[in-house]
Amino acid sequence: MDAVPRIRVVIAKPGLDGHDRGVKIVARALRDAGMEVVYTGLHQTPEQIVRTAVQEDAAAIGLSVLSGAHMTLFAKVLELLKDDDAGDIVVFGGGIIPEADMPELQRMGVARIFTPGATTQEIVEWVRSAVPARV
C-alpha cells in the first residue's frame, strides 16, 4: 500500500517562554486536520528545533514566541536552516509579536505570523496552502 503524502510540521517553543497552552491547541488542530505534528516541548534552543525538523524530514517549523525574543529566535532558526542546507523548510509562527516587527520578520524569511485572535481554522488553511506534503 502506497504512503499518502502528508504535511509534516515541527511545532516548537523556543527560549525561556513557559506558556504552551496556545501552541498545544495549534498542534492539535494541525494533527486533527491530518498533518503529522511533532511538538518539541518547552525551552527548546534553535539548534534543537532545527535538528528535530531535519531528522523528522519536516516541511515546516511553527514557532510560538511570547517572550519578546522573537527577532533573535526566528533569525537564528532561519540561519541554522540555511547552514544545514534545509532552507526549503517553511518557517511560520505566532505569539505576542508587535505589528512593527512583522515586515522585518518577513524580510528574514518568516512565511507568516499569526497573532492572538487567529483561529485554528485560519492556521490550518494557511499551512495547507503554503506547506508541501511529503511521503
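## A buried leucine

Leu81 is buried, with a relative accessible area of 1%; the cut-off for a buried residue is under 20%. The structure described here is a predicted model.

Leu81 belongs to helix H3. Leaving out residues up to four places away in sequence, its contacts are Val50, Ile61, Ala86, Gly87, Ile89 and Val91.

## The largest nonpolar core

Leu81 is also one of the residues with the most contacts inside the largest nonpolar core, which has 24 residues. Helix H3 makes the greatest contribution to the core, giving six residues.

There is also a second, separate core, made up of 19 residues. Among its members are Ile7, Ala27, Ala29 and Trp126.

## One face of helix H5

Trp126 is a buried residue of helix H5 (residues 120-130), as are Ile123, Val124 and Val127. When the helix is viewed down its axis, the buried residues of H5 fall within an arc of 165°, and therefore they line one face of the helix. In general, an α-helix has 3.6 residues a turn, so residues three or four places apart point the same way.

The cover over the buried residues of H5 includes strand E1, helix H1 (21-32), strand E4 (90-95) and strand E5 (112-114).

Key: Residues numbered from 1 in each chain as written. Predicted model: local features only at pLDDT ≥ 70, side-chain atom pairs only at ≥ 80, totals over all residues. Heavy atoms only, no water. Core = buried A, V, L, I, M, F, W, Y, C linked by side-chain atoms within 4.5 Å. Buried < 20%, exposed > 50% of the residue type's maximum accessible area, 1.4 Å probe, protein only. Helix = DSSP H or I, 4+ residues; strand = E, 2+ residues; numbered from the N terminus. Contact = heavy atoms within 4.5 Å. Arc of directions from axis to C-beta.
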